[in-house]
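Please read the numbered points alongside the display.

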Amino acid sequence: MKVVKFGGSSLADGEQFQKVIDIVSSDKDRKVVVTSAPGKRFDGDIKVTDLLIKYATEVLDKEEYKDTYNKIVDRYKEICDYYKLGPETLEIIQKKLTDLATEKFTDDDHLMAAFKAHGEYLNAITLAAVLNHEGIKAKFMNPKDAGFLLGGSPNNADVLPETYTNLAKYQFDDAKVIFPGFFGYSKDGSIYTFTRGGSDITGAILSRGFKADLYENFTDVDAIYVANNHVVDHPQAIKKMSYREMRELSYAGFSVFQDEAIIPAVEGQVPVNVKNTNNPTAPGTMIVPSQFLFDPANLITGIASSKRFSALYIHRYLLNKEVGFTLKLLQIFYKYGISYEHMPSGIDDLTVIFDKSKLDDSTIKQLCAEIRATIKPDYLEWIDDYAIIMVVGEGIAHNINTIGLIIDSLTQNNIAVHMINQGASRISIMIGTQAKDANRAVQNIYDTFFN
């Protein structure tokens, strides 16, 4: 049995719907279909989820929302008209959208979660209706009826263990199950949503809960590539990779999956196949559960970079001999509610790397002032021009020359290495460079291992 998830661009309009129908109907093992909200149909278009957020904001602010409401309805009407559906489906959609504006919610967060969830909710209803109209037996499954339970907060939910128990009880028949992604229900019956991109998470949870043989994640790319094609021209596609390679690469910018989206599938030992809705015969990329059963085709599987980092450099003589130095530093971070990403150190030097998107100028200024006053370093510098390059591959652990080849590819092209770190798993090598050098670093490492 396969769980199949389609992204927003795959379900944006009637023409894209037909591609999804062809894919779903071509394989009887594709039993569960997870829907996203309709995405952009063209450059400059607005995603339905963004329209729903606008609708929610207008309701909260007691502003006129009829225009936004009509734009949302029109997106689904376009699909219904494409298939010449009867009026029943669109009437259901209109009623559910109308009721949202008058329903009473616990607070604004619960209201926003409920509005956002309806992009996927209504698209699943629409797809089920279209499939049945086309002679393919299908049924819409409300997450509430499936026992898809979430905890956490309304707009940043976590799956509850009871969900898997509930899903395991389901008995499949010959109908395709159409399941909306992105949301579930709290124990008190409120709609809770995952973070943006949460349909991937829903698909992974269902894959584990239904004990699927395969989770197919259909996007708008043929595969996951060794490097970003905006940085490297025509990079090689990755045919197969391990879960932990995917996790390492996601951290540094691979955007096919959010980091947490893949975890339920990992726990259920379900392989994932990333494929293209617009080119479904392409083999895509297989992400396999166990590194111990994985024979990598190349020494390096992927190269990713991110410029979202800043670094705090501290120099102090005999730092390594001072007991409690790091503790004092961590206590300051705790005071300001700051988490750090990495902390490579030497005998007199220490660099702390942060995700700069989580910091503002005021906090940085106060943080540096308190560190100077408390620790009294000989030298302290805040570095905004910082990037991290991740070179990942199961094969790295079995070749002692990898780091040398990477360093040579950078230094021979006048790229300074500010930090290098290899984890205990030995499948990833992390390199710190200036942000301006990040793209060149990726290109040169790619050329060394693939050209």
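The points below cover the basis of the model, its charged contacts, its cysteines, its backbone angles and some distances.

1. Basis of the model. The model is predicted, with local features requiring pLDDT of at least 70 and side-chain atom pairs counted only at pLDDT 80 or more, while totals for chains, interfaces and linings use all residues. Residues are numbered from 1 along each chain as its sequence is written, and side-chain values use heavy atoms, with hydrogens and water left out.

2. Salt bridge between Lys5 and Asp200. The model holds 19 salt bridges, each being a side-chain nitrogen of Lys or Arg within 4 Å of a carboxyl oxygen of Asp or Glu. In one of them, the side chains of Lys5 and Asp200 meet at 2.9 Å, N to O. Because Lys5 lies in strand β1 (residues 2–6) and Asp200 in helix α8 (residues 198–209), the pair ties together parts that are 195 residues apart in sequence. Helices (H or I, at least four residues) and strands (E, at least two) are DSSP runs, numbered from the N terminus. Lys5 and Asp200 are both buried; buried means under 20% relative accessible area, exposed over 50%, and partly exposed in between (1.4 Å probe, protein chains only).

3. Salt bridge between Arg75 and Asp45. A further salt bridge joins the side chains of Arg75 and Asp45, at 3.7 Å from N to O. This pair links distant parts of the chain, 30 residues apart: Arg75 belongs to helix α3 (residues 66–82), and Asp45 to the loop between β2 (30–35) and α2 (48–60). Arg75 and Asp45 are both buried.

4. Salt bridge within a helix. Lys95 and Asp99 form a salt bridge whose closest N and O atoms are 2.7 Å apart. The two residues are separated by about one helical turn, because they stand four residues apart in helix α4 (residues 87–102). Lys95 is exposed, at a relative accessible area of 54%, whereas Asp99 is partly exposed, at 33%. Elsewhere, salt bridges that share partners join Arg41, Asp45, Arg75 and Glu78 into one network.

5. Negative surface patch. Which residues gather in a patch of negative charge on the surface? They are Asp61, Glu63, Asp107, Asp108 and Asp109. A patch is made of residues with over 30% relative accessible area and no salt bridge, like charges being joined within 9 Å and nonpolar side chains (Val, Leu, Ile, Met, Phe, Trp, Tyr) within 5 Å. Asp109 is placed in helix α5 (residues 108–133). Asp109 counts as partly exposed because its relative accessibility is 46%.

6. Cysteines. How many disulfides are counted? The count is zero, where a disulfide is a pair of cysteine sulfur atoms within 2.5 Å. Cys80 is buried, with a relative accessible area of 3%. Cys368 is buried as well, with a relative accessible area of 7%.

7. Positive phi angles. Most residues other than glycine have a negative phi. Phe182, which is not a glycine, has a positive phi near 85°. Phe182 sits in the loop between β6 (176–180) and β7 (183–185) and counts as buried, at 2% relative accessibility. His234, also not a glycine, has a positive phi of about 50°. The loop between β9 (214–219) and β10 (240–242) contains His234, and this residue is exposed, with a relative accessible area of 78%.

8. Ala282 and Gly268 are 14 residues apart along the chain, and their C-alpha atoms are separated by 26 Å. Ala282 occupies the loop between β11 (272–276) and β12 (285–288), where it counts as buried at 12% relative accessibility. Leu150, in strand β4 (residues 150–153), is buried, with a relative accessible area of 1%. From Leu150 to Ile429 there are 279 residues in sequence and 36 Å in space, C-alpha to C-alpha. Lys139, in strand β3 (residues 138–140), counts as partly exposed at 29% relative accessibility. The C-alpha atoms of Lys139 and Met430 are separated by 47 Å, the two residues being 291 residues apart along the chain.

Terms used. Accessible areas come from the Shrake-Rupley method with a 1.4 Å probe; for residues, only the protein chains shown count as cover. Lys and Arg count as positive and Asp and Glu as negative; His and the chain ends are not counted. The place of a charge is taken as NZ of Lys, CZ of Arg, CG of Asp or CD of Glu.
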